[in-house]
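Visitor: I am new to this structure and would like to be taken through it with care. Could we look at it together, one part at a time?

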Amino acid sequence: MILVSFTFKNNQTTICKCADKRGNQRREMPEYCVTGGTGFIAAYLVKTLLEQGHVVRTTVRDPENLDKVGYLWEFNGAKERLKILKADLLVEESFDEAIQGVDGVFHTASPVLVPYDHNIQACFLIQNYATLIDPCIKGTLNVLSSCKKAKSVKRVVLTSSCSSIRYRFDVQQVSPLNESHWSDPEYCKRYNLWYAYAKTIGEEEAWRISKDSGIDLVVVNPSFVVGPLLAPQPTSTLLMILTIVKGLRGEYPNTTVGFVHIDDVIAAHVFAMEEKKASGRLICSSSVAHWSQIIEMLRAKYPNYPYESKCSIQEGDNNPHSMATSKIIGLGFPVFKSVPEMFDDCIKSFQEKGLL
Ligand SMILES: NC(=O)c1ccc[n+]([C@@H]2O[C@H](COP(=O)([O-])OP(=O)(O)OC[C@H]3O[C@@H](n4cnc5c(N)ncnc54)[C@H](OP(=O)(O)O)[C@@H]3O)[C@@H](O)[C@H]2O)c1
């Protein structure tokens with residue numbers, strides 16, 4: 001398929017027409033908005049959607065910060081079909097312009113990985129509300145309210161997390177965990193798991209609003225995402241992996257978690273947006289492992305790095321469990337990439353970028 005034309009209407013709605021090799025028009029490509037374009041997942045999503053021929057709008061907090069957004073302009077098709085707009089999750093109506101006129105919205109922006117602290121104090125909790133919980137919960141409300149106003153939006157895909165599924169007092173009894181399971185906010189509070197708390201309430205709110213307002217919402221629940229670094233500097237989970245491999249944290253997390261390749265996460269998002277049969281929540285995860293097992297695997301393959309050797313004393317995050325992926329697989333999604341493959345891709349990219 002080749003791209004033949006783009007039609008710009010009022011600088012808002014862009015129709016991307018595609019043709020086969022004989023020049024026969026085949027279909028119109030929907031225009032999408034991806035929130036938080038500087039993020040690990042969002043940047044890959046923007047890149048993939050551009051490669052597929054879509055017109056893409058993405059939001060960032062500071063479009064002028066070329067250190068953070070510059071590499072997005074290097075993606076194939078970016079100069080012709082990418083718009084970068086300013087928006088902040090904490091500012092009401094901030095997303096209106098970016099969302100007005102698009103066919104679908106991928107809401108991925110959300111603060112990630114504010115590390116847990118077993119000596120949590122009240123002030124830390126207050127800080128968490130400002131930096132982690134409010135942007136996740138109020139930000140989701142703001143984005144969905146812009147979607148509702150826009151009228152053009154046919155589907156919203158929200159990036160939630162397995163963190164909104166797996167934190168429960170009865171996790172071992174109910175495992176394998178599936179889409180019907182929800183994290184218990186009381187469990188999250190008990191163990192200071194504030195990221196999980198925010199993602200759980202944020203997703204609950206998203207479902208409440210979508211039902212009230214008739215928005216067609218599909219939620220992707222990825223586990224811990226691993227893969228090659230695309231941005232100049234690692235963020236979120238890749239930053240955590242790098243610090244563990246380099247032994248910079250002083251300890252590794254006492255966490256048993258599912259891992260998933262970024263390629264599968266991106267494919268799941270596109271699938272959630274474009275597959276008519278996709279609905280509700282979709283768990284996106286390969287195997288579950290404890291961080292000690294991951295470090296053991298990496299040390300055997302890449303023995304020259306220092307690695308963390310001490311396990312954190314954090315409790316509540318190491319429950320054995322497994323994630324059921326039969327729903328998404330049953331809808332036709334291919335088998336998930338393996339844990340060794342995703343970490344090999346990640347370590348190789350760190351080496352290529354001179355970070356290891
Ligand atoms: N990585 C994982 O393993 C994983 C697993 C499951 C679910 N998720 C979910 O996937 C999404 C993206 O994660 P990621 O790993 O790609 O994270 P990331 O690389 O840390 O990116 C987070 C993004 O959120 C944006 N953001 C944070 N606070 C904001 C605010 N107040 N207003 C506007 N934007 C804000 C950041 O923008 P700035 O650049 O301006 O800071 C950044 O673009 C999140 O919803 C996360 O919960 C991630």
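**The core, a helix and the ligand**

Visitor: Which residues touch the most other members of the largest nonpolar core, and which element gives the largest share of this core?

Guide: The model is a predicted one. Of the 81 residues in the largest nonpolar core, those that touch the most other members are L45, V46, V105, V226, A272 and L282. The largest share of this core, 9 residues, is supplied by α1.

Visitor: How far apart are the end C-alpha atoms of helix α1?

Guide: The helix runs over residues 40-51, and at 1.5 Å a residue its 12 residues should span 16 Å. The distance between its end C-alpha atoms agrees with this, being 17 Å.

Visitor: Which element supplies the largest share of the shell around the ligand?

Guide: The ligand is surrounded by 27 residues, and the closest are G36, G39, S110, V225 and S236. At least two residues of this shell come from each of α1, β10 and α9. The largest share, 3 residues, comes from α1.

Visitor: How many residues of the shell around the ligand are nonpolar?

Guide: Sorted by class, the shell around the ligand has 4 charged and 10 polar residues, and its nonpolar residues number 13.

Methods:
Residues are numbered from 1 along each chain as its sequence is written. This is a predicted model: local features need pLDDT of at least 70, side-chain atom pairs count only at pLDDT 80 or more; totals for chains, interfaces and linings use all residues. Helices (H or I, at least four residues) and strands (E, at least two) are DSSP runs, numbered from the N terminus. The expected span of a helix is 1.5 Å times one less than its number of residues. A nonpolar core is a set of buried Ala, Val, Leu, Ile, Met, Phe, Trp, Tyr and Cys residues joined through C-beta atoms within 7 Å. A residue is buried if 20 or more other C-beta atoms lie within 10 Å of its own, exposed if 12 or fewer, and partly exposed in between; C-beta atoms are placed from the backbone. A residue is near a molecule or strand if its C-beta atom, placed from the backbone, lies within 6 Å of it. Ala, Val, Leu, Ile, Met, Phe, Trp, Tyr, Cys and Pro count as nonpolar, Asp, Glu, Lys and Arg as charged, and the others, Gly among them, as polar.
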